[in-house]
Amino acid sequence: MDIKTLLCELSSRVSVGNISEADDYAAEYLSKYAKTYKSDNGAVIATLKGKSDYTLMLDAHIDEVAFVVTGVDGDGFVTVNTCGGIDIRTLPAKSVTIHSKQKVTGVFCSIPPHLSPEDTDFEHITDFKIDSMLQSKAKEIISVGDFVTFNTKPYELLNGRLSGKSFDDRAGCTVLLELAKRLSKKELPFNVTFVLSDMEELGLRGAKTASYEVSPDEAIAIDVSFGDAPDVSSDDCGKLSNRATIRTSPVLDKAVTNKLFDIAKQNSIPYQSEVMGRSTGTNSDIISVNKSGVKTGLVSIPIRNMHTDNEVIDVADIESVCDLLEKYILSRGVMNV
């Protein structure tokens, strides 16, 4: 299966709360190449054995931004709160799936501009309602606490780009699945453990427990970063189609970061860099302080429209991250540093 198809398969599935469609798909895929299990903390974990007991952990989070039902009225309108940071400006007229006693397709209500005051502004998610179309039967089917997800299916754009939901961070998960396939055919210098962690969007929770369980000697997180867009400063984002983004931060290990740069240069793998003055806002922050500390790096894939149902990504950027990390692993990482 090629990278584009793999990303689309993952994007089409849901992973939030107790709904683990994407997790189950990833676990089945990984089990073809590595010993795989789902841990008690919700992570999908797979390991390829190497010649040394030294362990490199690769992490990408499989959960997605979503909503949770907070109320249902007698006319079938549903109120929700957010699970993760969602740009509420994009919500009017969006189609969603309500995961209740049965899957229900709903639509965020949108007041026509003809009926809206010019200064109308949505300040909080509670300003919105979802029309479940169920009318008086809604309370029989939908309950407080049910999850709601975007239901956009991924679709192709020009120049090798895709748009869809949950590319944050199914793009990183795609990297892990592709690497498992590639590395299963190679002699590895050390153990490589793939972690598809949960609840990153809720505060890096899954990576904290998963890294404690794996207890790696070294780790690299793979996540997405902000892609360039009109009126956005180049200081605040990477550039779409400029390939892998190697990120530098005081909380990341200098040896791992420098080795990633060296590998990219030595193997003529196109890359870009991003410097952060503080923490990264990714799982690498929490992995790096696991137990007595873990040497941790971070590689990202630029996307546009982050945390919406129409994120945009370049498939070639994902491919470049796979190439970079494959060479990094085969060159022994920083095992002897």
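## Ground rules

Helices here are DSSP runs of H or I with at least four residues, strands are DSSP runs of E with at least two, and both are numbered from the N terminus. The model is a predicted one: local features need pLDDT of at least 70, side-chain atom pairs count only at pLDDT 80 or more, and totals for chains, interfaces and linings use all residues. Residue numbers start from 1 along each chain as its sequence is written, and side-chain values use heavy atoms, with hydrogens and water left out.

## Overall build

Let's start with the whole protein. It contains 8 helices and 19 strands. Along the principal axes, the C-alpha atoms fill a box of roughly 65 × 45 × 35 Å.

Of the 337 residues, 55% count as buried; buried means under 20% relative accessible area, exposed over 50%, and partly exposed in between, using a 1.4 Å probe and protein chains only. Among contacts with a separation of 6 or more, 75% come from residues 24 or more positions apart, where contact means heavy atoms within 4.5 Å.

## Surface and charge

The protein exposes about 14,800 Å², and carbon and sulfur atoms supply 49% of this area (Shrake-Rupley method, 1.4 Å probe). There are 36 positive and 49 negative charges, and their mean positions lie 7 Å apart. Lys and Arg count as positive and Asp and Glu as negative, while His and the chain ends are not counted; each charge is placed at NZ of Lys, CZ of Arg, CG of Asp or CD of Glu.

Because 17 of its 17 residues are buried, α4 is largely enclosed by the rest of the structure. Asp169 is found in this helix, and a cis peptide bond with omega of about 5° joins Asp168 and Asp169.

Helix α1 (residues 3-11) has Ile3, Leu6, Leu7, Cys8, Leu10 and Ser11 as its buried residues. Their cover includes α4 itself, along with α2 (21-30), β13 (161-164), β19 (311-314) and α8 (315-330).

## Loops worth a look

Pro154 sits in the loop between β11 (147-150) and β12 (155-156) and counts as buried at 17% relative accessibility. Its C-alpha atom is separated by 5.9 Å from that of Cys8, 146 residues apart along the chain. Beyond residues up to four places away in sequence, Pro154 touches Cys8, Ser11, Ser12, Ser163, Gly164 and Phe167. Ser249, in the loop between β16 (244-248) and α6 (254-266), is also buried, at 7% relative accessibility. Leaving aside neighbours within four places in sequence, Ser249 is in contact with Met276, Arg278, Ser279 and Thr280.

Ala93, between β7 (77-83) and β8 (95-99), has a positive phi of about 75° although it is not a glycine. Lys291, between α7 (283-287) and β18 (295-303), has a positive phi near 50° and is partly exposed, with a relative accessible area of 48%. Most residues other than glycine have a negative phi, and most peptide bonds are trans.
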